[in-house]
Amino acid sequence: MNRLTSIAAVITFFLFRYALLNEAISTTKHYIVYMGDHSYSNSDSVISSNHEMLASVTGSIRKAEDAAIHHYSKSFRGFSAILTPEQAQKLSG
């Protein structure tokens, strides 16, 4: 009986952990941020500028790089990123 209790405890732990991770992931969404006409001379400066803007809501350049999905740099300026609704609201205001 003691072995079954241990197994049940381990399974419960992992299910609880999965539920917490799933809740954290489900609070983020994929957003596309449009910032107008393309105005930079090269795509590296676009990406750097996008990361700086994202860092203002994610807390660091590293987190901004992780959140960024795609950088639009050919016909308009913008990016797509995985953000919380609160982060997206901060960027829009």
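User: What percentage of the 93 residues in the chain is buried?

Analyst: This is a predicted model, in which local features need pLDDT of at least 70 and side-chain atom pairs count only at pLDDT 80 or more, while totals for chains, interfaces and linings use all residues. Residues are numbered from 1 along each chain as its sequence is written, and side-chain values use heavy atoms, with hydrogens and water left out. Buried means under 20% relative accessible area, exposed over 50%, and partly exposed in between (1.4 Å probe, protein chains only). On that scale, the buried share of the 93 residues is 25%.

User: Which helix has the lowest mean pLDDT among the elements of the chain, and which has the highest?

Analyst: The pLDDT is the predictor's confidence in each residue, from 0 to 100. Its mean over the chain is 82, and 77% of the residues reach 70 or more. Among the elements, the lowest mean, 65, belongs to helix α1 (residues 2-26), and the highest, 95, to helix α3 (residues 61-67).

User: What pattern does the chain follow along the sequence?

Analyst: Helices (H or I, at least four residues) and strands (E, at least two) are DSSP runs, numbered from the N terminus. The chain has 4 helices and 3 strands. Read along the sequence, their pattern is α-β-α-α-β-β-α.

User: Are α2 and α4 parallel or oblique to each other?

Analyst: Axes are lines fitted to C-alpha atoms, for helices over the stretch in contact, and angles run from 0 to 180 degrees between N-to-C directions. Helix α2 (residues 43-58) and helix α4 (residues 85-92) pack at about 125°, with axes 9 Å apart. Angles under 35 degrees count as roughly parallel, over 145 as roughly antiparallel, 65 to 115 as roughly perpendicular and the rest as oblique. The relation of α2 to α4 is therefore oblique.

User: Where is Asn50, and which residues does Asn50 contact, leaving aside neighbours within four places in sequence?

Analyst: Asn50 has its place in helix α2. With a relative accessible area of 0%, Asn50 is buried. Leaving aside neighbours within four places in sequence, the contacts of Asn50 are Met35, His71, Arg77, Gly78 and Phe79.

User: Is His51 buried or exposed?

Analyst: His51 also belongs to helix α2. Not counting residues up to four places away in sequence, His51 touches Ile61, Ala64, Glu65, Ala68 and His71. Its relative accessible area is 12%, so His51 is buried.

User: What distance separates the C-alpha atoms of Ser49 and Gly78?

Analyst: Ser49 is found in helix α2 and is buried, with a relative accessible area of 15%. Ser49 and Gly78 are 29 residues apart along the chain, and their C-alpha atoms are separated by 9.9 Å.

User: What distance separates the C-alpha atoms of Met35 and Arg77?

Analyst: Met35 lies in strand β1 (residues 29-37) and is partly exposed, with a relative accessible area of 22%. Leaving aside neighbours within four places in sequence, Met35 is in contact with Asn50, Met53, Arg77, Gly78 and Phe79. Met35 and Arg77 are 42 residues apart along the chain, and the separation of their C-alpha atoms is 5.3 Å.

How values were computed
Contact means heavy atoms within 4.5 Å.
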